[in-house]
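Biologist: Could you take me through this model with its cut-offs stated as we go? I would like each answer to end on the value or name I ask for.

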Amino acid sequence: MKTKNIPPEIKSKSINETKLEIQEILERLEKKDNTNLEGSTNDYQRLLILNEHIDNLFKEKLVKIRSIGKKR
């Protein structure tokens, strides 16, 4: 699995931890009074990285599940 450009502090997060942070970022971005463009841009960039990380975690789980199925 490619995990380039994902900082170690994000790589160490579980699926649930990643999901919670994604939810927090989405809530901030969806606020109507959110006028901080730089902060929103940073949040969006982090959201992309978190999304890539969670995608990689699911791909790893899929590989494990498939390998278990082949053993049977």
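Modeller: Let me begin with a definition: buried means under 20% relative accessible area, exposed means over 50%, and partly exposed is in between, with a 1.4 Å probe and protein chains only. The model is a predicted one, in which local features need pLDDT of at least 70 and side-chain atom pairs count only at pLDDT 80 or more, while totals for chains, interfaces and linings use all residues. Residues are numbered from 1 along each chain as its sequence is written, and side-chain values use heavy atoms, with hydrogens and water left out.

Biologist: Is Ile49 buried, partly exposed or exposed?

Modeller: Ile49 is found in helix H3, where helices are DSSP runs (H or I, at least four residues) numbered from the N terminus, as strands are (E, at least two). Its relative accessibility is 24%, and therefore Ile49 counts as partly exposed.

Biologist: Which residues does Ile49 touch, not counting those up to four places away in sequence?

Modeller: Contact means heavy atoms within 4.5 Å. The C-alpha atoms of Ile49 and Lys19, 30 residues apart along the chain, are separated by 12 Å. With residues up to four places away in sequence not counted, the residues that Ile49 touches are Asn5, Ile6, Pro7 and Ile10.

Biologist: Why does H2 count as roughly antiparallel to H3?

Modeller: Axes are lines fitted to C-alpha atoms, for helices over the stretch in contact, and angles run from 0 to 180 degrees between N-to-C directions. Angles under 35 degrees count as roughly parallel, over 145 as roughly antiparallel, 65 to 115 as roughly perpendicular and the rest as oblique. Helix H2 (residues 15-30) and helix H3 (residues 37-71) pack with their axes 10 Å apart, at an angle of about 155°. H2 is therefore roughly antiparallel to H3.

Biologist: How many nonpolar, polar and charged residues does the contact of H2 with H3 have?

Modeller: On the H2 side the contact includes Thr18, Ile22 and Leu29, and on the H3 side Ser40, Leu50 and Ile54 are among the residues that make it. Ala, Val, Leu, Ile, Met, Phe, Trp, Tyr, Cys and Pro count as nonpolar, Asp, Glu, Lys and Arg as charged, and the others, Gly among them, as polar. By class, the contact of H2 with H3 has ten nonpolar, four polar and six charged residues.

Biologist: Which backbone oxygen does the side chain of Thr18 reach, and at what distance?

Modeller: Thr18 has its place in helix H2, and it is buried because its relative accessible area is 0%. Not counting residues up to four places away in sequence, Thr18 touches Lys13, Leu50, His53 and Ile54. As for its side chain, the backbone oxygen reached is that of Ser14, at 2.8 Å.

Biologist: With which residues is Ser40 in contact, leaving aside its neighbours within four places in sequence?

Modeller: Ser40 is found in helix H3, and since its relative accessible area is 17%, Ser40 is buried. Once neighbours within four places in sequence are left aside, the residues in contact with Ser40 are Leu29 and Asn34.

Biologist: What separates the C-alpha atoms of Glu24 and Ile54?

Modeller: Glu24 is found in helix H2, and with a relative accessible area of 46% Glu24 is partly exposed. Glu24 and Ile54 are 30 residues apart along the chain, and their C-alpha atoms are separated by 15 Å.

Definitions and conventions: Polar contact = N/O pair within 3.5 Å; in protein donor to acceptor, adjacent residues only side chain to side chain.
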